[in-house]
Amino acid sequence: MKILLAEDDFASRKFMSKILDKYGETDITVNGLEAVDAFLMALDDDERYDLVILDVMMPMLDGYQVLSTIRKFESDRNFKPDERTRVIMTTANEEINVKKAMEIGCDAYVGKPVNVERFTMLLSKMGFEQIK
């Protein structure tokens with residue numbers, strides 16, 4: 001499985017990448033613009049991401065903007081709903097607009113601090129399995 005993690009906080013990046021590395025290859029970006037660039041590059045190289053983890057509050061572009069851009073790229077390429085990349089959004093901010101994220105096309109939302117057991121259960125429900 002190919003994963004993109006977009007997280008600006010160093011400690012959160014380390015924590016999440018440790019979990020995600022058990023599921024496959026994880027590319028890491030530190031802001032929204034890097035996340036968009038990585039996603040587009042993977043699309044253009046026909047090496048799409050299976051899963052994108054987006055922090056809501058990032059520099060350059062926030063998670064909502066990144067998600068909107070991802071869904072636009074997919075729409076422009078005529079992806080069917082079941083062909084879209086799965087996206088999980090994360091944030092420590094209690095005031096996150098989950099409804100807005102879901103309307104844009106988020107598949108799931110995880111609050112921080114991330115509970116490892118719940119997160120791995122979510123990944124399992126989404127059809128992702130550990131490989132390591």
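1. The side chain of Glu 74 places a polar atom 2.8 Å from the backbone nitrogen of Thr 85. This is a polar contact, defined as a pair of N or O atoms within 3.5 Å; within protein, one atom must be able to donate a hydrogen and the other to accept it, and residues adjacent in sequence count only if both atoms are side-chain atoms.

2. The model is predicted: local features need pLDDT of at least 70, side-chain atom pairs count only at pLDDT 80 or more, and totals for chains, interfaces and linings use all residues. Residues are numbered from 1 along each chain as its sequence is written, and side-chain values use heavy atoms, with hydrogens and water left out.

3. Glu 74 belongs to helix α3 (residues 63-76); helices (H or I, at least four residues) and strands (E, at least two) are DSSP runs, numbered from the N terminus. With a relative accessibility of 1%, Glu 74 counts as buried (under 20% relative accessible area; exposed is over 50%, partly exposed in between, with a 1.4 Å probe and protein chains only). Apart from neighbours within four places in sequence, Glu 74 is in contact (heavy atoms within 4.5 Å) with Phe 39, Phe 79, Arg 84 and Thr 85.

4. The buried residues of α3 include Val 66, Leu 67, Ile 70 and Phe 73. Their cover includes α2, β3, β4 (86-91) and α4 (98-104). An α-helix has 3.6 residues a turn, so residues three or four places apart point the same way.

5. At the start of α3, the backbone nitrogen of Tyr 64 has a side-chain oxygen of Asp 62 within 3.0 Å. Asn 78, which follows α3, has a positive phi near 60°.

6. Five strands form an open sheet in the order β2-β1-β3-β4-β5, with parallel pairing (two strands pair if DSSP finds at least two bridges between them). Because β2 (25-29) and β5 (108-111) each have a single partner strand, one side of each is left without a neighbour in the sheet. Strand β1 (residues 2-6) is joined to β2 by five bridges, and the two run parallel; Leu 4 stands opposite Asp 27 in β2.

7. Helix α1 (residues 10-20) packs on the sheet, touching β1, β2 and β3 (51-55), with its direction at about 170° to that of β1. Helix α2 (residues 32-44) also touches β1, β2 and β3, at about 165° to β1. Axes are lines fitted to C-alpha atoms, for helices over the stretch in contact, and angles run from 0 to 180 degrees between N-to-C directions.
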